[in-house]
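Student: I am new to this protein. Could you walk me through some of its features?

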Amino acid sequence: MKARLAILFPLFIIAANSFAQKFTLNGYVRDSLSGETLIGASLAIRESGRGVNTNQYGFYSLTLEKGTYHFVGSFIGYQSRDITINLNSDQQLNIDLLPQSFLMNNVTVTGRKRESNVKAAQMGRIDLSMATAKSLPALFGEVDILKTLQLLPGVRNAGEGNAGFYVRGGGPDQNLILLDDAVVYNTGHLFGFFSVFNSDAVKNLTLIKGGMPAQYGGRLSSVVDIAMKEGNINKTQVDAGIGLIASRFSIQGPLKKDKASYIISARRTYIDALLKPFIKKTSSFHGSGYYFYDLNAKMNYKFSEKDRLYLSGYFGRDVFDFRNAKRSFSTSIPWGNSTGTVRWNHVYNKKLFSNLSLVYNDYQFVFEGTQNDFNLKLSSGIRDVNAKFDFDFYPLPEHKIKFGALYTYHNFTPSVASGRQDTTRFRPANASVKHAGEAAIYVQDDWDISSKIKLNYGVRYGTFTQLGRYTLYKKDANGNRTDSTVYGRGQVVKSYGGIEPRATIRIAISDNSSLKAAITRNLQYIHLVSNAGTTLPTDLWVPSTFNVKPQISWQYAAGYFQNFQNNTFETSLELYYKQMQNQIEYKEGYTPSLTDPEEEFVFGKGWSYGAELFINKVKGKLTGWIGYTLSYTWRQFPDLNKGEKYPSKFDRRHDLSVVGTYLLNNKWKFSSVFVFGTGNAMSLPERFYFVSGVLTQEYSRINAYRMKAYHRLDLSAVYTPVQKKKRNHTGEWVFSVYNVYSRLNPYFIYFDQQGSVVNGNLQVEAKQVSLFPVIPSVTYNVHF
């Protein structure tokens, strides 16, 4: 009898819940000035605290029993809005929030009650404000959102000035970086010193470094999801900035009032133009130069309250030209990304929202060199075509279900060479072009089990198939080809697949503290193989193939989260452990060649573990954070380092960042950044000896040494003149000093030889190369 009651009781609850009279409230949360939808805005019931957050397109849906409710609509940096609704039928309500920056200076705005740090189930998620990124000091005054991410615990930089980053012991290829659903394969301009993302065109940036939801996949470590602005739908707006090495220009506005809008944003450096007058035409380097540029464009059209269309694109290029007239040598190295996205939002009913995305992205790197009448051209790249269908389903206030599917066709070109000598052209058959198809389906649920327990759980199943045309060679022990198998176009060469379960749970201890835990399994089917510690455009993206298996990771994380002084301070302490299989490195003694890169790979495992402390002050005139990470990252390969474990090049024992912003008055705002990190691991020669009169080096074990510790202090001040007369534009001056005390941080180490063996005075000395001393800069921004 008791067993029957145990089975029937939950069924009775579900049935009673179903027959209760309920209605649905849905709509969009928007910026009242520009009409931009707000991602992650909150709509909460004042009495119970329960509610819903908007999705990636600003849409929300909430189903409740019949009655009168008092809601609070809120978003960080916006004035909260109280709304009373008599819910006696299905209703649509679009909520407009007023930005804090528009309010009078003597009005205090607290934004939403910042409880997501302790209330949300998601671990390791950080939403970065563009206002925060723009207020911090920057190299040459160029605002860089990826460098701002590197100031957060668990995220470490790839080196001085580099836009690449490592998350919890993973490599730069283990971060999924999305721009309006398009994967960005190379994130750096100027060989990685600046990121490709123009902050004027960015609307929202979300970092997820632990407990990755099932909607994301294909990478092991993190997700950086970047949404472009949609464009001001109410009025035309122009923003521009002039800095030391680059200028920016953005224009946005309505195409059709309340129906369509657009934004176009462009940026270009002018290092080449500034240096050109100082290089004489008689100089052997006349004609050399470097510059980069990028262009973001987006438009959207609202056909009805149920249908919206978005078109967005990015195009960026770096161009490096070098000329040496004395040696009749010249080289040109262009590289860059191109992306295009078409998205269609459709609201099927009050509870079901969908988005269909069609994405094209292309990354190409070309090296072309000419000396006298000899020409050589090397190129590599990756091109994708992607289709993705996502659904948001809001069946009950306690559940937010998301599910979807995607398919991507990859085209990899790891290495292609061609050349010309006089009138003779040659094109060796070394083009290792590879094709692959990647597919996935997923479902996840954000479930409020009770007021104290919240669970986000889901599962993802993905497949990856290497496709022909392809020739698979069999080789003997000496590496000689003995046989081959030829696969025709579209023919399956090798398939992989696997289930990726994801779960995070939050258990509330009190109104301002909670415990969280997460477990995730991730598979990664494409890989960036590098012979250096930084993400350079010469690195190769390669797919999983007959010989290269997908990377696999399990990550476990737990943390304690607490807010203090009415949510003025947000604090967290997170612990993590990550296992990684099928890691890829080049074999010992590798030198670049035109053979298939797969022939030079070795495979092993990795693991990392650590603790992350985060203290974030979010209210008052003084805001900022302290982030500290203690971490260990190891690799072990049977074919490297005599099979013994060694610290990964991504290993950094201590990492500290202190960030502060002080609002003095309505004219001046000051910011500072201090960073400290353990030096990068590296291998060094331990012995020098002569073999047949040639100086030979004997290296240490892998990464047995470390560079000096890295530390730096940056300062900035933003001056906004107060207009005595009303004008159609506003302006601000940004003064910044990078590396205030001119710390010579090591970039790399090399060994210099002086003297000779013959004279008996040969000396070998290690020397350090540093890049940036103290660098002051000034930028002027204007807004119309």
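Tutor: Welcome! This is a predicted model, where local features need pLDDT of at least 70, side-chain atom pairs count only at pLDDT 80 or more, and totals for chains, interfaces and linings use all residues. Residues are numbered from 1 along each chain as its sequence is written, and side-chain values use heavy atoms, with hydrogens and water left out.

Student: Which residue in E19 is the bridge partner of Gln237?

Tutor: Strands are DSSP runs of at least two residues, numbered from the N terminus, and two of them pair if DSSP finds at least two bridges between them. Strand E18 (residues 237-242) and strand E19 (residues 246-256) run antiparallel and are joined by 6 bridges. They form a hairpin with 3 residues between them. Within this pairing, the partner of Gln237 is Gln252.

Student: And which residue in E51 is the bridge partner of Gly241?

Tutor: E18 is also joined to strand E51 (residues 775-783), antiparallel, by 4 bridges. There, Gly241 has as its partner Asn781.

Student: How many degrees lie between the planes of Tyr738 and Phe772?

Tutor: Rings of Phe, Tyr and Trp (its six-membered ring) pair if their centres lie within 6.5 Å; planes under 30 degrees apart are stacked, over 60 edge-to-face, and the rest tilted. The whole structure holds 29 aromatic pairs. Tyr738 and Phe772 make an edge-to-face pair, 6.1 Å centre to centre, and the angle between their planes is 90 degrees.

Student: Why does Tyr738 count as buried?

Tutor: Buried means under 20% relative accessible area, exposed over 50%, and partly exposed in between (1.4 Å probe, protein chains only). Tyr738 counts as buried because its relative accessibility is 5%.

Student: Which ring does the charged end of Lys645 sit over?

Tutor: A charge sits over a ring if NZ of Lys or CZ of Arg is within 6 Å of the ring centre and within 35 degrees of the ring normal. For Lys645, the distance to the centre is 4.1 Å, and the ring belongs to Trp634.

Student: Is Val459 buried, partly exposed or exposed?

Tutor: Val459 lies in strand E29. Using the cut-offs above, its relative accessibility of 34% makes Val459 partly exposed.
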